[in-house]
Amino acid sequence: MPWKCPICGTENRDGDVTCRVCGAYKPEATTRKITQAIKEAISALVVVEILESPIESLVGKKFEFKVTTPGVIVTIGRAVENHVVVTDPAVSRRHLRLIVTSNGIVVEDVGSSNGTFLLEEGKERQIKVENIGKKGLIRIGNTKLRVSLS
């Protein structure tokens, strides 16, 4: 039976002992309910910068999010309820999420129509879930983003 990560909310396969996204351990059946998961304290800044877009008013915009614990999620998409709103028509309403972990940023496509692509060394490849480390270039729709953790 699949299980939901108590830190980032990702659904994982029953046989997995740790979360495939953030690395948190699977809660056991004997685990007592705790009001808040214990997380190590960090002090970081997640920066999302729009490098290219068919929507000229978006180009050059920077979005900064202060992070104090791992597991923080930043959502990106066309809908106004996202942390970063990208009005490119080729971007899905709920396109992707960035999950801050102690190992960097995990990029997770949340079922977008046109996919999420990681740009590396002049090439791009489609990703579903990928730990990009401290920085990376991403394409969603016709928009290129630079994502970094400092």
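This is a short walk through one predicted protein model, from the overall fold down to a few side chains.

Okay, some housekeeping before we look around. Residues are numbered from 1 along each chain as its sequence is written, and side-chain values use heavy atoms, with hydrogens and water left out. Since this is a predicted model, local features need pLDDT of at least 70 and side-chain atom pairs count only at pLDDT 80 or more, while totals for chains, interfaces and linings use all residues.

Let's start with the big picture. How many helices and strands does the protein have? The count is zero helices and 13 strands, where helices (H or I, at least four residues) and strands (E, at least two) are DSSP runs numbered from the N terminus. Read from the N terminus, then, the elements go β-β-β-β-β-β-β-β-β-β-β-β-β.

Now the dimensions. Along the principal axes, the C-alpha atoms fill a box of roughly 55 × 30 × 30 Å.

What about the surface? The protein exposes about 8900 Å², and carbon and sulfur atoms supply 49% of that; the areas come from the Shrake-Rupley method with a 1.4 Å probe, and for residues only the protein chains shown count as cover. Of the 150 residues, 43% are buried. Here buried means under 20% relative accessible area, exposed means over 50%, and partly exposed is in between (1.4 Å probe, protein chains only).

On to contacts, meaning heavy atoms within 4.5 Å. If you take contacts between residues at least 6 apart in sequence, 41% of them join residues at least 24 apart.

Let's zoom in on Ser112. You'll find Ser112 in the loop between strand E8 (104–109) and strand E9 (116–120). Is Ser112 buried or exposed? Ser112 counts as buried because its relative accessibility is 12%. Its side chain makes a polar contact with the side chain of Asp109 at 2.6 Å, and another polar contact, of 3.3 Å, joins the side chains of Ser112 and His95. For us a polar contact is a pair of N or O atoms within 3.5 Å; within protein, one must be able to donate a hydrogen and the other to accept it, and residues adjacent in sequence count only if both atoms are side-chain atoms. Setting aside neighbours within four places in sequence, Ser112 touches Ser92 and His95.

Cysteines next. The disulfide count is zero, with a disulfide being a pair of cysteine sulfur atoms within 2.5 Å. Cys5 is buried at 4% relative accessible area, and Cys19 is buried at 5%.

Last stop, charges. Side chains of opposite charge can pair when their charged atoms come close. There are eight salt bridges, each a side-chain nitrogen of Lys or Arg within 4 Å of a carboxyl oxygen of Asp or Glu. One of them links Arg13 and Asp16, with the closest N and O atoms 3.6 Å apart. Arg13 is exposed at 61%, whereas Asp16 is buried at 18%.

Then look at Arg125, which is partly exposed at 34%. Arg125 forms a salt bridge with Glu120 at 3.2 Å, and also meets Glu130 at 2.9 Å, N to O. Glu120 is partly exposed at 37%, and Glu130 is partly exposed at 21%. Elsewhere on the list, salt bridges that share partners join Arg20, Arg97 and Glu108 into one network.
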